[in-house]
Amino acid sequence: MIKLKVNGKPREYRGDPEQPLLWYLREELTLTGTKFGCGIGRCGACTVHFNGTAVRSCSLPMSAMPGASVQTIEGLASPTAKQVQASWQSLDVVQCGYCQSGQIMSAVALLEQNDNPSNEHIDAAMDGNLCRCATYHRIRSAIHDSATQLQGGEK
């Protein structure tokens, strides 16, 4: 049995230890905000926070979960997360939206570690989060807007 926390709630997993975290989240916990994209950790659609770090859940086995704290898009509630979601809406970032939960998870992880990221920091943190609609400029603008708002606005 593997014990972990998902969105702050204690959970026990008794299945295949090689099953990727993504399928535990989606199939067993019905947390479908975490998306399946490429299945090999390259597109970022499945990004979650694992002990506070943005990771690809499609390539992280359940055997890595004992004692872990996992946060999905459904569990985001920090002031940083709320601001990122507000900036995403106010700057109309989303087109098709499929990749956006992974994009937001990576953006929140970045801003929780760096409250004033440069374009280079943003590009590095968001590298590997692919968007078929190519909303990269709006994503970068929303991250800058979030940073500004979290620091009290006006820059």
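Helix 1 (residues 21-28) lies across strand 1, strand 2, strand 3 and strand 5 of the predicted model, and runs at about 105 degrees to strand 2. Here helices (H or I, at least four residues) and strands (E, at least two) are DSSP runs numbered from the N terminus, while axes are lines fitted to C-alpha atoms, for helices over the stretch in contact, with angles running from 0 to 180 degrees between N-to-C directions. The model is a predicted one, in which local features need pLDDT of at least 70 and side-chain atom pairs count only at pLDDT 80 or more, whereas totals for chains, interfaces and linings use all residues. Residues are numbered from 1 along each chain as its sequence is written, and side-chain values use heavy atoms, with hydrogens and water left out.

The buried residues of helix 1 are L21, L22, Y24 and L25, where buried means under 20% relative accessible area, exposed over 50%, and partly exposed in between (1.4 Å probe, protein chains only). These buried residues pack against strand 1 (2-6), strand 2 (9-13), strand 3 (47-50) and strand 5 (69-71), contact being defined as heavy atoms within 4.5 Å. Just after helix 1, T30 takes a positive phi of about 50 degrees.

The sheet is open and is formed by five strands in the order 2-1-5-3-4, with mixed pairing; two strands pair if DSSP finds at least two bridges between them. Strand 2 and strand 4 stand at the edges with a single partner strand each, so one side of each has no neighbour in the sheet. On average, neighbouring strands of this sheet are turned by 40 degrees against each other, direction ignored. Strand 1 and strand 5 run parallel and are joined by two bridges, and K5 stands opposite S69 in strand 5. Strand 3 and strand 4 (residues 53-56), in turn, pair in the antiparallel sense over four bridges, with T53 in strand 4 as the bridge partner of F50. The hairpin of these two strands has two residues between the strands, and N51 in this hairpin takes a positive phi near 50 degrees.

Helix 3 (residues 100-113) also lies across part of the sheet, namely strand 3, strand 4 and strand 5, and runs at about 35 degrees to strand 3. Helix 3 packs with helix 5 at an angle of about 40 degrees, their axes being 11 Å apart. The two helices are therefore oblique to each other, given that angles under 35 degrees count as roughly parallel, over 145 as roughly antiparallel, 65 to 115 as roughly perpendicular and the rest as oblique.

The structure holds two salt bridges, each defined as a side-chain nitrogen of Lys or Arg within 4 Å of a carboxyl oxygen of Asp or Glu. In one of them, R140 pairs with D123, the closest N and O atoms being 2.9 Å apart. R140 lies in helix 5 (residues 136-150) and D123 in helix 4 (residues 119-126), so the pair ties together parts that are 17 residues apart in sequence. R140 is partly exposed at 24% relative accessibility, and D123 is partly exposed with a relative accessible area of 39%. The side chains of E12 and R14 also meet in a salt bridge (3.0 Å, N to O); E12 is partly exposed at 44% relative accessible area, whereas R14 is exposed at 63%.
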